Amino acid sequence: MAHLVAPSLLSANFLNLEKDILMLNQSEADWFHLDIMDGLFVPNISFGFPVIEKIRKATSKVLDVHLMIVDPERYLERFKKAGADIISIHMEACKNPPEALKTIRNLGAKAGIVINPGTPVSVLSEVIGEADMVLLMSVHPGFGGQSFIADTMEKIAALKHMIQSQHLNILVEVDGGIDFQNAPSLVNSGVDILVAGNTIFASSDPVRAIHQLKSIC
Ligand code: DX5
Ligand code: ZN
């Protein structure tokens, strides 16, 4: 599969979100990456249901919802109802990740499991069979615009090995600090989805930035 690009709306202009959504609709962006933060799991608060519902009405692209919230089980149904197509939960934030992933699938969404930079890939072995996607954080979650943590490359290799040795059909997404310098090696190492916030929205030409990220081969 050719890789996908998922702009993170955390870096969009919330004073004129419609303009950025229309730009993304007309661009080669594949998914909308929506970062939900609760101020507990991460030291920041982003946005919630009313914003997601409005975004859902304004695009037909896939809504990839990244939950940085404690005990995400409490809200899975509401995120699905708000319009999420993919719901990703953090391994570190959840009491029973396999059960939560099953719930997401039963709701009719794709289920993603996320690990922080400090969490080893090996913890995924107990849950990976229940997931449609693994999201590796390449920054400490909570804020856009941070630098890519280089160790992520080894984690990608370990994850790809786990997926291949178990013959699993599962997507690999990487999130945080992705730019034009590191994106080619991510694509070459088999990453399926590149999330990018700052690289797209801080660009003077976001449509072109998305095109550049899509054109990597
Ligand atoms: C960080 C978020 C990321 C972030 C990516 O907690 O999960 O999705 O918005 O932004 P950049 O690409 O600017 O690092
Ligand atoms: Zn994210």
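Trainee: Is Tyr-75 buried or exposed, or something in between?
Mentor: Tyr-75 is partly exposed, with a relative accessible area of 30%. Buried means under 20% relative accessible area, exposed means over 50%, and partly exposed is in between (1.4 Å probe, protein chains only).
Trainee: Before we go on, what am I looking at?
Mentor: This is a predicted model, where local features need pLDDT of at least 70 and side-chain atom pairs count only at pLDDT 80 or more, while totals for chains, interfaces and linings use all residues. Residues are numbered from 1 along each chain as its sequence is written, chains are lettered from A and ligands numbered from 1 in the order in which they are written, and side-chain values use heavy atoms, with hydrogens and water left out.
Trainee: Thanks. Where is Tyr-75 found?
Mentor: Tyr-75 is in the loop between strand 3 and helix 3. Helices (H or I, at least four residues) and strands (E, at least two) are DSSP runs, numbered from the N terminus.
Trainee: And what is Tyr-75 in contact with, leaving aside its neighbours within four places in sequence?
Mentor: Phe-49 and Ile-69 are its contacts on that basis. Contact means heavy atoms within 4.5 Å.
Trainee: How do the rings of Phe-49 and Tyr-75 sit?
Mentor: Phe-49 is buried at 14% relative accessibility. The ring centres of Phe-49 and Tyr-75 are 6.0 Å apart with the planes at 45°, so the pair is tilted. Rings of Phe, Tyr and Trp (its six-membered ring) pair if their centres lie within 6.5 Å; planes under 30 degrees apart count as stacked, over 60 as edge-to-face and the rest as tilted.
Trainee: Which other ring joins the cluster with Phe-49 and Tyr-75?
Mentor: Phe-79 does, as ring pairs link Phe-49, Tyr-75 and Phe-79. There is a charge here too: the charged end of Arg-78 sits over the ring of Phe-49, 4.0 Å from its centre. For that, NZ of Lys or CZ of Arg must be within 6 Å of the ring centre and within 35 degrees of the ring normal.
Trainee: How many aromatic pairs does the rule give?
Mentor: The count comes to 3 aromatic pairs. One of them is Phe-14 with Phe-47, a tilted pair at 5.5 Å centre to centre and 45° between the planes. Phe-14 lies in the loop between strand 1 and helix 1 and Phe-47 in the loop between strand 2 and helix 2, so this pair ties together parts that are 33 residues apart in sequence. Phe-47 is buried at 10% relative accessible area, whereas Phe-14 is partly exposed at 39%.
Trainee: New topic: the metal. What coordinates the zinc ion (ligand 2)?
Mentor: His-33 (NE2), Asp-35 (OD), His-66 (ND1) and Asp-175 (OD) do, at 2.0 to 2.3 Å. Donors are N, O and S atoms within 2.8 Å of the metal (3.2 Å for Na, K and Ca); water is not among the atoms, so sites may look incomplete.
Trainee: What geometry does the site of the zinc ion (ligand 2) have?
Mentor: It is octahedral, with angles of 69 to 168° among its 6 donor atoms. Six donors count as octahedral if opposite donors are over 155 degrees apart and all others between 65 and 115.
Trainee: And how are the donor residues of the zinc ion (ligand 2) spaced in sequence?
Mentor: The spacing is H-x1-D-x30-H-x108-D. Within that set, His-33 in strand 2 and Asp-175 in strand 7 (residues 171-175) link distant parts of the chain, 142 residues apart. His-33 is buried, with a relative accessible area of 0%, and Asp-175 is buried at 8%.
Trainee: Let's do helices. Which residues of helix 1 are buried?
Mentor: In helix 1 (residues 17-26), Leu-17, Asp-20, Ile-21, Met-23 and Leu-24 are buried. They cover an arc of only 160° around the axis, which puts them on the same side of helix 1. The arc is that of the directions from the helix axis to the C-beta atoms.
Trainee: What does the face turned away carry?
Mentor: That face of helix 1 carries the exposed residues Glu-18, Lys-19 and Gln-26.
Trainee: What about helix 8, which residues are buried there?
Mentor: Pro-206, Ala-209, Ile-210 and Leu-213 are the buried residues of helix 8. Their arc is only 100° around the axis, which puts them on the same side of helix 8. They pack against strand 1, helix 1, helix 6 (183-188), strand 8 (193-196) and helix 7.

Terms used:
Four donors count as tetrahedral if all angles lie between 85 and 135 degrees; four count as square planar and six as octahedral if opposite donors are over 155 degrees apart and all others between 65 and 115; anything else is irregular.
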